[in-house]
Amino acid sequence: PFRQRVLEDKHGFYHILKQQLGLSAPHDEEDATAPRAEHYSLGVHKAQSQKALMEEDMALEFVRAIQAYDWVSAEKLATTEEQKEDLRDSILRVNAIELFTNRGEKDKALALAITEAEVDKINSY
């Protein structure tokens, strides 16, 4: 009876034990509840999706930091060369806007403004 239970078990402890010992019968491998390569690939896909979402979240936080002129946070969030270059360009652009605004060169400052808030700030001087 014990041997029969072991042979018939396709889901529990004995099934796992048979797989670990390499004693699985060919029909055991076709069992619908047995782990398959698709389950592994779905897990990998899910992990890749989570990583992509995290990268998207970081990229969004990077953009928000740039928009808030939070250069320290943006520098910490910049992970790609493109982001690092965007950060450098943004700092230079904002510094130039401030310089032109302080000099009274409103037209030059407005030419560099890219947000409505920047335009409003320049026009308020």
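Close-up 1. Arg103 is exposed, with a relative accessible area of 55% (buried is under 20%, exposed over 50%, partly exposed in between, using a 1.4 Å probe and protein chains only). Its partner here is Glu105, and the closest N and O atoms of this salt bridge are 3.6 Å apart (a salt bridge is a side-chain nitrogen of Lys or Arg within 4 Å of a carboxyl oxygen of Asp or Glu). Glu105 is partly exposed, at 23% relative accessible area. Lys108 joins in as well, so that Arg103, Glu105 and Lys108 are linked in a network of salt bridges. By this rule, the count comes to five salt bridges.

A word on the model before moving on: this is a predicted structure, in which local features need pLDDT of at least 70 and side-chain atom pairs count only at pLDDT 80 or more, while totals for chains, interfaces and linings use all residues. Residues are numbered from 1 along each chain as its sequence is written, and side-chain values use heavy atoms, with hydrogens and water left out.

Close-up 2. Arg93 forms a salt bridge with Glu118, with 2.9 Å between the closest N and O atoms. This pair links distant parts of the chain, 25 residues apart: Arg93 belongs to helix α6 and Glu118 to helix α8 (residues 116-123) (helices are DSSP runs of H or I with at least four residues, numbered from the N terminus). Arg93 counts as buried because its relative accessible area is 17%, and Glu118 is buried too, at 5%. Look around Arg93 and you will find that it touches Leu112, Ala113, Ile114 and Glu118, leaving aside residues up to four places away in sequence (contact means heavy atoms within 4.5 Å).

Close-up 3. Lys84 is partly exposed, at 33% relative accessibility, whereas Glu81 is exposed, at 56%.

Close-up 4. Thr115 is in the loop between α7 (106-112) and α8, and is partly exposed at 33% relative accessibility. A polar atom of its side chain lies 3.1 Å from the backbone nitrogen of Glu118. Thr115 and Gln67 are 48 residues apart in sequence, yet their C-alpha atoms are 8.9 Å apart in space.

**Close-up 5. The largest pocket.** About 260 Å³ of space lies in this pocket (on a 1 Å grid over the protein atoms alone, a pocket is an open set of points where a 1.4 Å probe fits, with protein on both sides within 12 Å along at least five of seven lines; lining residues have an atom within 4 Å of a point). Of the 16 lining residues, Val63, Ile66, Gln67, Ser90 and Ile114 are the closest to its centre. Helices α4, α6 and α8 are the elements that give two or more residues to the lining.

**Close-up 6. Tyr69 and its positive phi.** Tyr69 lies in the loop between α4 (37-67) and α5 (71-77). Its phi is near 60°, a positive value in a residue other than glycine. Most residues other than glycine have a negative phi. Tyr69 is partly exposed, with a relative accessible area of 35%.

Methods
Points joined across faces, edges and corners; volume = space filled by probe spheres on them. Polar contact = N/O pair within 3.5 Å; in protein donor to acceptor, adjacent residues only side chain to side chain.
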